[in-house]
Amino acid sequence: MSVSFAASAALRLFSFRNAVISTLRAAGCVFAEDEAELILSAAGSPDELHAMVDRRAAGHPLEHVVGWAEFRGLRIAVDPGVFVPRRRTEFLVQQAVSRALRRGPDVVAVDLCCGSGALGAALVAGVGEAGAGTGVELYAADIDPAAVRCARRNVAASGGRVLEGDLYAPLPAALRGRVDVLLANAPYVPTDAIGLLPAEARVHEARVALDGGPDGLDVQRRVAAGAARWLAPGGHLLMETSERQAPRTARTFARGGLETTVVHCEDLGATVVIGTLPQR
């Protein structure tokens, strides 16, 4: 009887899985098999499973459907409407970790335009994994209340603080001149190009997390203009941008009084501009 029951349960699961894969494939999901496994593992009941499959088939980002994204080995909670951390942005965190370790043992880090808080959480985790005895005092900020609520869950384990407001405005005044690592994954898509983004982004992620203004650099310029007031001498501002925009982003950093470097990662298709405040 138990063998028969087990075989029947396995058959039902197989049928469920095939039905999910077929639905996702018909909706145009390229990695339908992998997505089906994630959805099946996340669903707590058949009703929830059906609802999740329907949302994914309707074009919702997989990360919003299952409620999380993998980022540098971390499971980052991602609520509906919140910007989904991209894999290419792991390169930005990698660059930040290496510079934070050079600034130790006590590092002050700020994650502006933090979205889900993935960058700050991954920075703290990366520094901790290095085992160099470096600690990170983390602050994160975003103008979107939904992102702030999400980020607070993701950085709680690191003891970081997440603040709501526009760029530097919500940061404690005591941080001025003390920040060792300033991360800013600011939006850099030109306004006219928003319509060219995949529907998952342009429909289901907050516009404020995508729209960088007419040339894509509006928010970057504002971040760069204020960075020198917050960075410690020798501190770094790190910002993701496109390879095409990188020269203009670097000039923006230079106008803000920072010494600039542009680094690329071919494997991830990532470009990061790094500005350093000269030692006084």
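**Labels and their cut-offs**

Tutor: Leaving out residues up to four places away in sequence, leucine 62 touches Glu35, Leu38, Ile39 and Arg56, where contact means heavy atoms within 4.5 Å. This is a predicted model, in which local features need pLDDT of at least 70 and side-chain atom pairs count only at pLDDT 80 or more, while totals for chains, interfaces and linings use all residues. Residues are numbered from 1 along each chain as its sequence is written, and side-chain values use heavy atoms, with hydrogens and water left out.

Student: Why is leucine 62 called buried?

Tutor: Buried means under 20% relative accessible area, exposed means over 50%, and partly exposed is in between, with a 1.4 Å probe and protein chains only. Leucine 62 has 12% relative accessibility, and therefore counts as buried. Its place is in helix H4 (residues 62-66), helices being DSSP runs of H or I with at least four residues and strands runs of E with at least two, numbered from the N terminus. The C-alpha atoms of leucine 62 and cysteine 29 are separated by 9.9 Å, although these residues are 33 apart along the chain.

Student: Is asparagine 185 buried or exposed, and how do you know?

Tutor: Its relative accessibility is 14%, so asparagine 185 counts as buried. This residue lies in the loop between strand E6 (179-184) and helix H8 (199-204), and, neighbours within four places in sequence aside, its contacts include Phe83, Leu112, Cys113 and Glu240.

Student: What makes cysteine 113 partly exposed?

Tutor: Cysteine 113 has 22% relative accessibility, and therefore counts as partly exposed. It lies in the loop between strand E3 (106-112) and H6, and its phi is near 50°, a positive value in a residue other than glycine. Most residues other than glycine have a negative phi.

Student: Which label does arginine 72 receive, and why?

Tutor: Arginine 72, at 30% relative accessibility, also counts as partly exposed. Its phi is likewise near 50°, a positive value, and its loop runs between strand E1 (68-71) and strand E2 (74-77).

Student: Why are H9 and H10 called roughly parallel?

Tutor: The axes of helix H9 (residues 218-230) and helix H10 (residues 246-255) come within 8 Å and cross at roughly 30°. That angle makes H9 roughly parallel to H10, because angles under 35 degrees count as roughly parallel, over 145 as roughly antiparallel, 65 to 115 as roughly perpendicular and the rest as oblique. Where they meet, Gln220, Arg221 and Ala224 in H9 face Thr249, Thr252 and Phe253 in H10. By class, this contact has two nonpolar, three polar and one charged residues, where Ala, Val, Leu, Ile, Met, Phe, Trp, Tyr, Cys and Pro count as nonpolar, Asp, Glu, Lys and Arg as charged, and the others, Gly among them, as polar.

Student: What makes a group of residues a nonpolar core?

Tutor: A nonpolar core is a set of buried Ala, Val, Leu, Ile, Met, Phe, Trp, Tyr and Cys residues joined through side-chain atoms within 4.5 Å. The largest one here has 38 residues, and those with the most contacts inside it are Leu123, Val181, Leu183 and Leu238. Helix H6 (residues 118-130) supplies the largest share of this core, seven residues. A second, separate core of 28 residues includes Tyr168, Val179, Leu237 and Leu258.

Conventions
Axes fitted to C-alpha atoms, helices over the stretch in contact; angles between N-to-C directions.
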